[in-house]
Each structure stands twice: as C-alpha cells, then as structure tokens.
Amino acid sequence: MKYNYLNNLLIIVVLLFSIFSGKAQTYTVSAIPHQVYVPENVSVSLTTLDDRYSELIELKGTSIQRPSFDFNFFGNTYNSIIVSTNGYIDFRANLANTRSIYFFNSAIPTTNSQFPAKNSILGCFHDMDGRIGDGEITYAVIGREPYRKFVVNFKDQPLFFCQTLKSSFQMILYETLDIIDVQIIKKELPCASSSSKLSIIGLHNEFGTYGIAPPGRNAGIWSAFREGWRFAPTSQSTLPVYKYTKCDVDLNGIEDFNLQIVRNNLSSPDMTFHETLQNANDETFPKPTIYTNIIANYQKLYGRKSDGSITEIILRAINCNNNFDYDLDGIPTILEDLNGDGNLENDDTNSDGIPNFLDNDDDGDMVLTSVEYVFVNTGINITALLDTDNDGIPNYLDNNDDGDGVLTINEDYNHNNNPADDDTNNNGIPDYLESAVALGVKNNDFKNSVSLYPNPASTVLSIENGSGEEIKSVSIYSITGALVKQINNAQEIKTISISELQNGMYFVKMQVGNQVINNKIIKK
C-alpha cells in the first residue's frame, strides 16, 4: 500500500513539474513598423458565423506538398491552431468548431475561469459579428522553409451592435523563430449602443497566470490605426547559443562551415568543437575548423572554451537561390551578409537579436527596410543606395537618415511609431529625411564639441567630449554598413581599441545625450 502511494505521489509530482515547467516561457513586447502582408494564395473564408471557433487548421497554408511547421507557444509545440471570430488564435484543439463567447470584464493575466481566451494569441480580441457585411477571415503561409510566416487575416469585420464600424488586422506566426507579430490596420471605437466595448491585444497562457499586452492595449476602450507589435520569446536555453547560417549552394543541405568565424565572434581563439555535449565536456573527439555537417540543413555542435564553459552552436544551411528574400524586405538574402564572412546570423545592424536577413527593419528606425532600400541614379549607368545625409551609410542601415543629430525613431513627432508620416512643415518631405527639421534639440554645432583623434589611427582611437553630455554608445561600421564594433553604456569612455580592425575607412556613430554624431575615420 505504501509502495502504491509513493508511486502515485511520484507520478503527480512529475506531472505537476512537467506542466508548470513547460509554462515558464515569457515574452517581451515591442513596437515594430506597420506592415500588411498580402499573400498571393489566401485561403477561402474560415467562417461567416458569430462567436465561433474555426475548424482545426494546420500551420501549412493550402499546399498539400508543403509540410506544416512546428510553433512553440508557452513552452509547448503545436502544428495546428483554431481561430476565434472574435479576433484571436487559440491552441486548444478540443474547442474546434465550438462556440467562442466574447464576454469578459478583466485585463490579462486573469485566472478567472469565465475568461474565454486562454492559451491564446489575442490579435485584437473584441466583439465582432461575421454574419454582417462582406468582411472575411482568411489564412495563408508565405515565405520559404525554415522561415515561413503563417498569416491570419481579419478584414472588415463588423463590430457587434455597430455594423458600420469594422476591424482589420493580422496575426503573424514565424516558423523557427517563434515570434508573433500583430499588425493593426484599423480598429475603431465601439459605438455608444454597444454592450461589449473592451478590447485586448496580447498573449495569455492556458492557466491565466501569465499575460502580456502592449502599453495601452490591455482590456480597455481604445482605437488603433496602422500600428505593429512584436512578441518575442525569451531564451530558455541552459547554454549560450551561437547561430551559424549559410546559403546552401547546391541544395543538398550539406555545407562547409568555417568554425574560425565562431572563435572570432566569441573572442575564444582556443575553442574546440564537438558533435555531442558529452564529448565537449570530456574534451574528446574534437572536430576540424572547416567542418562539414553530417545532418542535412540543421545540426548542433558544442564549442568548449579554454575555461571549460560550453556554447551550443546551431549550424543551418538554407536555400538562397533565385535571389530569395526571407524577410520580404526587398533585399535578396544573399546580399544581407554585410561582413562577407558567409554567416548570415552575425549581421545585425540594430543589435535587436534578429539578423538582417530575417529583419524587416534592419536599422531599427521604425521605417521598413523595403521603404529605405532605394537606388538612386548618380550618373550615366551608375546607381547607388539612397544615403540622404551622405555619410556613407545607406538609409536602410542608418538610424539617423538626415544627419541632423536626431535619431530617425525620435522624429516620430505624432507618436504613432512611424516616422515616415511626420512632416511638420508640410513641404512633402518626411522630417526624418530633412535635416532642417529637428524639433526640441540643440543645433548641429553640438557636433563640434565631440571629436575623434588621431585620424588616421592605427591602434587606439581617442574621444574628446566637450559637450557636457554622456556618451551612451559608440558604433563602428565598415564601408559596407556592417557593424564591426559596438560599445554600449560608454559613459565616460575616452579611448577605443581598433587594433583588431582591418585597414580602411570606417564610420563611427556616437549617441551623445539625445543626439547622434557621425564621423569618418581611417584605420591604417
């Protein structure tokens, strides 16, 4: 009897551990540029009913040949979803084709058993009625493995009791990255006669113990137009992770990976590489610096540093042929290897953790790369990328496009997370492209109070700061726009070692107080 009791207790403990440890995943939320996806082969409408869950939908779109992809949400892996007509994605497959009630009166997170949306992505959870009007709910997959996007599209869905008011928005699930984007096209205030006025954007786990929403978008009465939000999972890995992604030239999933790049990026010249964690711990069976993966397309290695610490290394070979563009930003993926070392993962201009080849806003200025990646004619048959301030850094990699000392993101004077629609002097030129407009900051004489010397320099670059403001960060870029050195929290920094840089011209950006100062230097 005692044996059975202990056995049952052990089973309960194991079950509780597996349940709650799997829900330890947390997320961050941040504003992103507004972008609406228009897939070419959008599926037929899910439903024209009110307060209903859809059928079970695989994360594969309409193509039979293409497999569904796995998506990790709050620590659990899914390859199918259901969609509520009230504006959210739900991972509770047992609710497919059942009623999806709207009513709620509390913000997330909430453990209230009456709150209808649990284990859910709340794209824009509010009371809508699909029986009225010509709106639709559709879904489709866009892109190419292993970085496809599953898009759920709500178009012109009437608000309940407010048939002339309509909502349009999208929820985007990212394969492999497990990122979730919400793009609000329009969400109007409910009418006075509506008895159900609350709306939520956010994520909510199945227990109601964790929820996250953007500022001002939890349970409340609000409207929104042309805004984007990104929910990114926090890392759950027990080991540091380094990613190495190459273009797969012959499409066989096998490539030669130069592991010296890993050593250089991790500043670990003595790192050894092993195919299993056990071998790394035991320092046995080290692999050569030029390593050919033995598992097609995706494989893990383990790097052991001289101090005994282990780093997980993810090798991936992807199809870049035919100038394919994984992030749909207008730049072929093969051209987003800015530093030319063959690893797409270590080119991250804005240091947001998303490499440029998967980032639709490479410089983090809230203007889409596809808007800034513009070629201009500089003469007969000679073109160059648009560089408004002529600092040598093209706009799509420049977070201060007009060189006025104000970050582009800070020229969003109407505070809608989109600098492209701010034109305070009404001359047809957005403020972020016009150096004459810099509201609420000192003039450009400020730049003269911060200097770099010597120039040219060989080993050390000195900074003389007479501005009276702190230097918050220093970024050094190659002439191709690749970030080669970054110093955050610089504060009272006076010298920077540049001995490891190759000879040539570089661009130095310094954030001094609320301004950005650009300089050119030559390393000799």
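Figure 1. Strands (E, at least two residues) and helices (H or I, at least four residues) are DSSP runs, numbered from the N terminus. Strand 23 covers residues 450–453, and strand 24 covers residues 460–465. Their pairing is antiparallel and comprises four bridges; two strands are taken to pair if DSSP finds at least two bridges between them. Val-450 lies opposite Asn-465 of strand 24, and Tyr-453 has Ser-462 of strand 24 as its bridge partner. The model is a prediction in which local features require pLDDT of at least 70 and side-chain atom pairs count only at pLDDT 80 or more, while totals for chains, interfaces and linings use all residues. Residues are numbered from 1 along each chain as its sequence is written, and side-chain values use heavy atoms, with hydrogens and water left out.

Figure 2. Three strands in the order 23-24-27 make up an open sheet with antiparallel pairing. Its edges are strand 23 and strand 27 (495–497), each of which pairs on one side only. From one strand to the next, the twist averages 20 degrees; axes are lines fitted to C-alpha atoms, for helices over the stretch in contact, and angles run from 0 to 180 degrees between N-to-C directions.

Figure 3. Most residues other than glycine have a negative phi, and most peptide bonds are trans. The bond from Tyr-453 to Pro-454 is cis, with omega near -10 degrees, and Pro-454 belongs to the loop between strand 23 and strand 24. A cis bond also leads from Ile-108 to Pro-109, with omega near 5 degrees. Pro-109 is located in the loop between strand 6 (88–90) and strand 7 (120–125). Asp-156, a residue of strand 9 (residues 149–159), has a positive phi near 50 degrees. Its relative accessible area of 22% makes Asp-156 partly exposed. His-415 has a positive phi near 60 degrees and occupies the loop between strand 22 (382–385) and strand 23. With 67% relative accessibility, His-415 is exposed.

**Figure 4. Surroundings of Thr-311.** Thr-311 is part of strand 20 (residues 310–318). This residue counts as buried because its relative accessibility is 5%. Leaving aside residues up to four places away in sequence, Thr-311 touches Pro-240, Val-241, Tyr-242, Leu-266, Met-271, Leu-301, Tyr-302, Gly-303 and Lys-305; contact means heavy atoms within 4.5 Å.

**Figure 5. Aromatic pairs.** The whole structure holds 24 aromatic pairs. One of them joins Phe-324 and Tyr-326, whose ring centres are 4.9 Å apart and whose planes stand at 80 degrees, so the pair is edge-to-face. Rings of Phe, Tyr and Trp (its six-membered ring) pair if their centres lie within 6.5 Å; planes under 30 degrees apart count as stacked, over 60 as edge-to-face and the rest as tilted. Phe-324 and Tyr-326 are both buried. Tyr-373 and Tyr-396 also form an edge-to-face pair, with 5.1 Å from centre to centre and 90 degrees between the planes. Tyr-373 lies in the loop between helix 4 (369–372) and strand 21 (375–379), and Tyr-396 in the loop between strand 22 and strand 23, so the pair ties together parts 23 residues apart in sequence. Both Tyr-373 and Tyr-396 are buried. Elsewhere, ring pairs link Tyr-27, Phe-71, Phe-73, Phe-74, Tyr-78, Phe-91 and Tyr-210 into a cluster.

**Figure 6. Lysine charges over aromatic rings.** The charged end of Lys-187 sits over the ring of Trp-222, at 4.9 Å from its centre. Lys-246 lies over the face of Phe-257, 5.8 Å from the ring centre. A charge sits over a ring if NZ of Lys or CZ of Arg is within 6 Å of the ring centre and within 35 degrees of the ring normal.

Notes: Buried < 20%, exposed > 50% of the residue type's maximum accessible area, 1.4 Å probe, protein only.
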